[in-house]
Amino acid sequence: MTRRIVVDADGCPVVKEAIAIAGHFEIECLLLCDTAHRFEREGAQTLTFSKGADSVDFALVNLVQRGDVVVTQDYGLAAMCLARGVRILNQDGMEYTADNIDALLLARHTAKKIRNGGGRLKGPPKRTAEQNKSFALALEQLLSKAGNKNT
């Protein structure tokens, strides 16, 4: 049974979908952000942390517990959350697992090396409604499989 959905809300494009699905399954939704991205949303509790490198990430890792679902696009944060025994989805609905996190972290490291060497990488394409739907479907399936009842 899922306890709650915890969203790394700084720059997260699926906050609205996560809140709606949490409401549908009658579970708590927490939004974590820093003071530069502070916002309030009906249907969720917002926790705001000091602005600074990774302050929200470390707060989130210390907050989550087994049974939580985390939503983040940060591979490093996902790796730390995996160690806490929680389920993690990215904004496109991909679940981070022990089987894929190492490859994702390696890709992130390689991209950083290219950028630090003066290279350029193409950014992600414009977000689509289909990506939001994929996320919503993946979150609903994860919650259903975890034994949560939808209303």
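Guide: Welcome! A helix axis here is a line fitted to C-alpha atoms over the stretch in contact, and angles run from 0 to 180 degrees between N-to-C directions. Please keep in mind that this is a predicted model.

Visitor: Why are α2 and α3 called roughly parallel to each other?

Guide: The two helices pack at an angle of about 20 degrees, with their axes 9 Å apart. Angles under 35 degrees count as roughly parallel, so α2 and α3 are described that way. The crossing of α2 past α3 is right-handed.

Visitor: Which residues make the contact?

Guide: From α2 come D57, F58, L60 and V61, and from α3 come L77, M80 and C81. By class, six of these residues are nonpolar, none is polar and one is charged.

Visitor: What do the buried residues of α3 pack against?

Guide: In α3, residues 75-82, the buried ones are G76, L77, A78 and C81. They pack against β1, α2, β4, β5, β6 and α4.

Visitor: How do you know that D74 caps the N-terminal end of α3?

Guide: A side-chain oxygen of D74 lies 2.8 Å from the backbone nitrogen of G76. The cut-off for a polar contact between N or O atoms is 3.5 Å, and the 2.8 Å of this pair is within it.

Visitor: Now to another helix. What makes N132 count as buried?

Guide: N132 lies in α5, residues 129-145. Its relative accessible area is 18%. Buried means under 20%, so N132 is buried. Leaving aside residues up to four places away in sequence, N132 touches P13, V14, E17 and R127.

Methods. Residues are numbered from 1 along each chain as its sequence is written. This is a predicted model: local features need pLDDT of at least 70, side-chain atom pairs count only at pLDDT 80 or more; totals for chains, interfaces and linings use all residues. Side-chain values use heavy atoms; hydrogens and water are left out. Buried means under 20% relative accessible area, exposed over 50%, partly exposed in between (1.4 Å probe, protein chains only). Helices (H or I, at least four residues) and strands (E, at least two) are DSSP runs, numbered from the N terminus. Contact means heavy atoms within 4.5 Å. A polar contact is a pair of N or O atoms within 3.5 Å; within protein, one must be able to donate a hydrogen and the other to accept it, and residues adjacent in sequence count only if both atoms are side-chain atoms. Angles under 35 degrees count as roughly parallel, over 145 as roughly antiparallel, 65 to 115 as roughly perpendicular and the rest as oblique. A crossing is left-handed if the near helix is turned anticlockwise from the far one by less than a right angle, and right-handed if clockwise. Ala, Val, Leu, Ile, Met, Phe, Trp, Tyr, Cys and Pro count as nonpolar, Asp, Glu, Lys and Arg as charged, and the others, Gly among them, as polar.
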